[in-house]
Amino acid sequence: MENDRDVVLATRGLTRHYRMGEVTIQALRGVDLELHRSELIVMLGASGSGKSTLLNILGGLDRASSGTVHYGDSDLTHASQRQLTTYRRHHVGFVFQFYNLIASLTARENVAMVTDISRDPLTPEAALSRVGLEGRLDHFPSQLSGGEQQRVAIARAIAKRPSLLLCDEPTGALDSHTGIRVLEVIETLNRESDTTMAIITHNAVIGEMADRVIHLRDGRVEGITVPTRRRRASELQW
Amino acid sequence: MTLILAVTMLDALTRAQARFYASHHFAEVFADITRAPLSLVGRLQRLPGVNLIEARVGGPVRLTVSDFTDPVRGQLVSIPDGRQPTLNRLHLLAGQLPMAGREDQVVASDAFAAAHGLVPGDHVEAIIDGRRTRLTLSGIALSPEFLYQAGPTDLVPDYRRYAILWMNQTSLADAYGMEGAFNQLSLTLQAGADREGVIDALDVALARYGGTGARTRHDQPSHRFLEEELDQQRAQATILPTVFLLVSVFLLHVVMTRLIGTQRRQIALLKAFGYRDSELARHYAGLALLIVLLGWALGVGLGAWSARWMAGLYAEYFRFPEMRFPIPLWALGLSLLLAGLSALAGAGRAVWQAVSAPPAEAMRPPAPRRFRRTWLERSPLRHALGSEGRIVLRHLGRQPAKTALSVTGIALSAGLLMMGAWQIEALDRMLDRQYREILRMDIELTFNNPTPQRALGELRHLPGVLVVEPWRRVPATLIHGHRQYRTALLGLEAIPRLRPIVDAAGTARPLPAEGLVLTRYLGEWLGVEVGDLLEVAIMEGHRRHASLPVAALVDEPVGVGAYLRRERLNRLMREGPAIGGAWLLIDADHREALITALDELPAVASIGVMDEAERGVRRYLDETLQVFALVFVSLAGSIAFGVIYNNARISFAERARELATLLVLGYTRAEVSRILLGEIALLGALAILPGWAFGAGFCALLSEGFSSDLFRIPLLFTPRIFGLSALGVILASGLVGLLMLRRLWRLDQVAVLKAPE
């Protein structure tokens, strides 16, 4: 197991509750977690387990009700909106279930939206070629398949060379064949860079390609397992 | 609302006019004579077509009201001793008619009495035909003949300086030396009578008594002015609401389409539960109609309220005994029908799109919308664009028809704004021209009778008189082919200084030695050009006919006139160098002393103070047309805001996901706002030029609609007019921009991204 110096992100006693009308929902009930450099983590849990809430807080989209989040030496717990924006801008890549591409921009331009505001980005062409889309640079989202759109989204996320790549159900809207193709891309990128990658999913099979699997249940970490053999994405089946 | 406002007002004025005319027997034909024996009336009564006829005595009067130093002019009109006249009956508001046998009692016009706070029992000093008399007010009344009470040379009423007084016939005839005679005639016609025939017969019968030609209501000053005003109302009631209604209908359509577009998933859900398409269609049609009904009721309420308010302003100029404000049913129906149809059409399209897909499909997020590159990006401009610019351009370029509609909507409202600005600016310019360049005199004196020229010497020696310029005015009918126009020939000096004949460039021109100079509007109306011969029928003295060449046409914004050299007019009248009045330029410091001195001159029939007249005209326009213009400017502004806001709101809703994505990717809200604001700015910018084009068109339409022989609003375009129109769009865009920023700052990026759209 890696030592403390390689910890990219750490949480202590993280809680988060929302008010929905008259009801208070306790989404996180004290999460302690460490993410290490260049590891591939799968966060596994059913609907309502709190995995999305956790991802939002790790990604600087949301703030915890209590507890702490540290990114390297900086404390995200009390960061301002502006500091969170800077954190996302330079350190975090996001991949969503529904891709969230800008429909009016081509694949290249979608990636350029991120490289335009990053400090040391890949070129949009390089990023797209890393996900195998060098031939689709000038296609609009409406001209791409779901899997291709998701790969554009991944290219957009990695183009800034983030320290952390957060993927929220990246295969959720895809058929299994296309989903596995997307996971292969993530796996390759993980192997070739030292970006820490976290995939949240309710699909247990995906856990088989992870360095560690974090099981979430009712807002708590139920357990952390390390697969005996990390399988290749291409070997997965569901 | 504008439709209701305009038609309700028009309707209220028209009905009040008709009701008052009918209930108070407003005459249909009028004639002035120098003097005719009362025995003639019986003979005239037997003319074919004549129904009721009434003869009376009338004439000018000068008044002095205590605590008021300015000269007051007035008109005395006789009524049968102690009772109401048959025609042009008085509507008594206070007091009573003069008692039979009382020589000093008069009924005063309501507006004059109100302006001076006079009540029955009060006194005024009068100079009737050179003799000073003390009159007592027995009552205060309105008359259908003087709904609009402006002095003979005034454009607009000045109630403090112009009065109508009614007096017993015997007393007035006595005062004017008209015992057993009359000098004014009013009559009504039998149903189906030949109006022109009656007028011709009257003219023949009255010619030897100095008749100046019988005239119909059309040439009766009060009726005439009211009609002009109603015509303007008609112009406004047609042009403006049409434009407003079309724009609102367009907006409503778009709003309904969008509103129901957002209900896609609910519609799918209801279909999944087993609702039929027809049931859904009924539901949404009901929703659309409910919204329309609420909006329409609000519009009708506001329209009716503002019509009442506007008509209140007019009531100061047109004295009606009562005014009611029923909203015309057809306007209610029409506005509801149009609003309902446009809402249903918009709703129908959206509902159809939603129900035509199978429920399962409707519940899935829609596929990414198709985009392509715009032509602008193939141009050299592409490097300047940046990502935000591309997003904006492609979004607008994706639905060019919708973009064009939005731009058209904004442009239309910019055009309306421009029209309002033009109305305000052009009216001001028109008055400047009239009072600064054309009417340069300070005081206009009118004599009781044509006077020898030597009277000028006396005027020159009065205190404070700097320049004296004589004039002679003779009523005449100008005839060209089958067109004729009753006006007056105005005889001026060879180079008139106080009332110059000004060409389009603003330079004063000498009067040609021979021939007439006509106002261009009159020339065009008569169909004459420079060099044509015009037949002139003089309506005074020996009533000669002459043929005079048209020597020039001049552009004058107010009134119409025919000008010639005074010596030529004197020759035409076969008289010596007679004058009918004089214009004075005075030293303002001596004004009061001069007016007191003029008051003492028995030969002076009236004293007109020009700056008072100008103030009166400006006040009138400020309170009527300008208020209307302001109302329309604010409505146009709100329409501009409506179009821009609606467009931005839709755009925001369609973009919420993209905007949230950019925020998540690390864009700041300020950076993201560039897309929203860029689109608003681009639409606004695109709309300004066509807006000016629409505006120019609206102005031309309105200028044409307003053109009358009373005045012509010049079709001029100053930078201020263009500027105001653009400013309106910029302000509206800015305000919408702020509202959109507020939305953006409240956007919950996480919630938006989680939803599958």
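Helices (H or I, at least four residues) and strands (E, at least two) are DSSP runs, numbered from the N terminus. The model shown is predicted: local features need pLDDT of at least 70, side-chain atom pairs count only at pLDDT 80 or more, and totals for chains, interfaces and linings use all residues. Residues are numbered from 1 along each chain as its sequence is written, while chains are lettered from A and ligands numbered from 1 in the order in which they are written.

**Figure 1. The annotated domain of chain A.** The feature "domain: ABC transporter" is placed by UniProt (unreviewed entry) at residues 9-236 of chain A. UniProt positions are given in the numbering used here, feature names are shortened, and annotations may be inferred rather than shown by experiment. This span of chain A is 29% helix and 29% strand, with its end C-alpha atoms 28 Å apart. Chain A as a whole has six helices and 10 strands. Its radius of gyration (taken over C-alpha atoms) is 17 Å, close to the 18 Å that the globule rule (2.2 Å times the number of residues to the power 0.38) gives for 238 residues, so chain A is as compact as a globular protein of that length. The C-alpha trace of chain A spans about 45 × 40 × 40 Å along its principal axes. Of its 238 residues, 50% count as buried, that is, with 20 or more other C-beta atoms within 10 Å of their own, C-beta atoms being placed from the backbone.

**Figure 2. Contact between chains B and A.** Residues are in contact if their C-beta atoms, placed from the backbone, lie within 7 Å. Chain B contributes 24 residues and chain A 23 residues. On the side of chain B that touches chain A, α11 (382-398), α18 (625-664) and α21 (749-754) each supply at least two residues. The residues on that side of chain B comprise 12 nonpolar, six polar and six charged; Ala, Val, Leu, Ile, Met, Phe, Trp, Tyr, Cys and Pro count as nonpolar, Asp, Glu, Lys and Arg as charged, and the others, Gly among them, as polar.

**Figure 3. Helices α12 and α17 of chain B.** The axes of α12 (residues 400-438) and α17 (residues 610-623) of chain B come within 11 Å and cross at roughly 170°. Axes are lines fitted to C-alpha atoms, for helices over the stretch in contact, and angles run from 0 to 180 degrees between N-to-C directions. The crossing makes α12(B) roughly antiparallel (over 145 degrees) to α17(B). B:Leu427, B:Leu431 and B:Tyr435 in α12(B) meet B:Glu614, B:Val617, B:Arg618 and B:Leu621 in α17(B). Five nonpolar, no polar and two charged residues make up this contact.

**Figure 4. Surroundings of helix α4 of chain B.** In α4 (residues 169-176), the buried residues are B:Gln169, B:Ser171, B:Leu172, B:Ala173 and B:Ala175. These pack against β2 (50-56), β4 (72-79), β7 (123-128), β9 (162-168) and β10 (181-189) of chain B. B:Gly177, with a positive phi near 65°, follows α4(B).

Figure 5. Residues 625-645 of chain B are 100% helix and 0% strand, and their end C-alpha atoms lie 30 Å apart. Residues 680-701 of chain B are likewise 100% helix and 0% strand, with end C-alpha atoms 30 Å apart. UniProt also places "domain: ABC3 transporter permease C-terminal" (unreviewed entry) at residues 239-358 and 631-746 of chain B.

Note on methods: Angles under 35 degrees count as roughly parallel, over 145 as roughly antiparallel, 65 to 115 as roughly perpendicular and the rest as oblique. Two residues are in contact if their C-beta atoms, placed from the backbone, lie within 7 Å. A residue is buried if 20 or more other C-beta atoms lie within 10 Å of its own, exposed if 12 or fewer, and partly exposed in between; C-beta atoms are placed from the backbone.
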